[in-house]
Amino acid sequence: MASHIHPTAIVAPGARIAGDVSIGPYSIIGDHVVIGAGTTVGPHCVIDGHTTIGANNNFYRFCSIGGIPQDKKYRNEPTRLEIGDGNTIREYVTINTGTAQDVGVTRLGNDNWIMAYVHIAHDCQIGSHTVIANGVQLAGHIHIGDWAILGGLSAVHQFVRIGAHTMIGGTSSIRQDTPPYLIGAGDPFRPVGINSEGLSRRGFTPEAIAALKEAYKLLYRRNLKVEEACEKMRELQREKPDAADALQPLIDFLAASTRGIVRS
C-alpha cells in the first residue's frame with residue numbers, strides 16, 4: 001500500500017518512506033530519515049537528523065524527533081537516532097541524536113509508551129516495553145532496561161542506569177543507578193521493595209519473586225556492602241536454583257555499577 005502524505009507536509013528528497021506510512025499536515029521529514037511500514041506521523045511533527053524508525057510506530061502531533069544533541073561539545077558529527085517497532089510517542093516529545101563522545105547513537109527499542117512532554121537526551125539507550133509518563137526528563141547517556149516504568153515529572157541524572165522491571169513513582173529524582181526489580185519514589189529516589197505485582201503480571205514465578213525479596217533484604221536491610229550482598233545472592237542462587245535466572249540480572253547490574261546505587 002502506498003504512503004499517505006498530506007499535501008502540506010514537507011518530505012526531503014533523500015528521505016526513505018516505506019509503504020503504508022501516514023504523514024500528517026505540516027510535518028517535516030529530513031533528508032537522512034528512514035521510516036518503516038505502518039508508521040503514522042501526526043500533524044506538525046519534525047523528524048530530522050540521521051534517524052531510522054521501524055514499523056508501526058505512532059507519533060502524535062508536535063513531536064520533535066532526531067534533533068541535534070543539547071551538548072556544547074557537539075560539532076555537527078553525523079550521529080544517529082534509532083527507534084524500533086510499535087512505539088507510541090505522544091505530544092511534544094523530544095528525542096535527540098547521539099554524540100561522538102559516547103556510542104554516537106540514541107536508541108529506543110520496541111513497544112514503548114512515551115507520554116507527552118518527555119525529553120530523551122543524547123545517547124540514551126532505552127529498552128523495550130517501557131512506560132515513561134508525562135513530563136519525564138532524561139539527561140544524556142542514560143540506560144533504561146526493559147519493562148521499566150517512570151512516573152510523571154521524574155528527572156534522571158546523566159549517566160544513570162535504571163534496571164529492568166523497576167517502577168519509579170512520580171516526581172522522583174534519580175541520581176544514582178537503580179537496580180532491577182525495585183519499586184520506590186522520592187527526591188532523592190528511595191526504594192521501598194520489589195515490584196512484585198509487576199513481576200507477577202509478567203510471568204515471574206512465586207519462587208522467583210520470593211528470592212528477589214530476599215535479595216532486596218540482603219542489599220538494603222542487612223547492613224552489607226554491595227559486594228557482600230552479591231556473594232549472598234550467589235549463595236541464594238545455589239540454594240534456590242529455580243530462582244537463579246531471576247537473580248542473575250540483579251547481580252550483573254550491581255557488579256557493573258560505577259555511580260553507586262540508590263539507597264533506602
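Analyst: Let's start with the handedness: H3 and H4 cross in a left-handed way. Bear in mind that this is a predicted model. The axes of the two helices, H3 and H4, come within 10 Å and cross at roughly 165 degrees. An angle over 145 degrees counts as roughly antiparallel, and H3 and H4 are therefore roughly antiparallel to each other.

Now for the residues that do the touching. On the H3 side you'll find Val226, Cys230, Met233, Arg234, Leu236 and Gln237. Across from them, H4 brings in Ala244, Leu247, Gln248, Leu250, Ile251 and Leu254.

Met233 is among the residues with the most contacts inside the largest nonpolar core, along with Ile65, Leu138, Ile144 and Leu150. That core has 64 residues. The elements that give two or more residues to it are helices H2 (206-220), H3 (226-239) and H4 (244-256), plus strands S6 (33-35) and S12 (80-83). H2 gives the most, with 9 residues. As background, nonpolar side chains tend to be buried together in soluble globular proteins.

H2 also leads over to the sheet. This helix lies across strand S27 (182-185) and S28, running at about 150 degrees to S28. Both strands belong to an open sheet of 11 strands with mixed pairing, in the order S1-S4-S7-S10-S13-S16-S19-S22-S25-S27-S28. S28 (190-194) is an edge strand, pairing on one side only, and S1 (4-5) is the other edge.

Staying with the sheet, S22 and S25 run parallel, with 2 bridges joining residues 149-150 of S22 to residues 167-168 of S25. Ile149 has Met167 in S25 as its bridge partner. Leu150, one of the core residues with the most contacts, falls within that bridged stretch of S22.

Terms used:
Residues numbered from 1 in each chain as written. Predicted model: local features only at pLDDT ≥ 70, side-chain atom pairs only at ≥ 80, totals over all residues. Heavy atoms only, no water. Core = buried A, V, L, I, M, F, W, Y, C linked by side-chain atoms within 4.5 Å. Buried < 20%, exposed > 50% of the residue type's maximum accessible area, 1.4 Å probe, protein only. Helix = DSSP H or I, 4+ residues; strand = E, 2+ residues; numbered from the N terminus. Pairing = 2+ DSSP bridges. Contact = heavy atoms within 4.5 Å. Axes fitted to C-alpha atoms, helices over the stretch in contact; angles between N-to-C directions. Parallel < 35°, antiparallel > 145°, perpendicular 65-115°, else oblique. Left-handed = near helix turned anticlockwise from the far one by under 90°.
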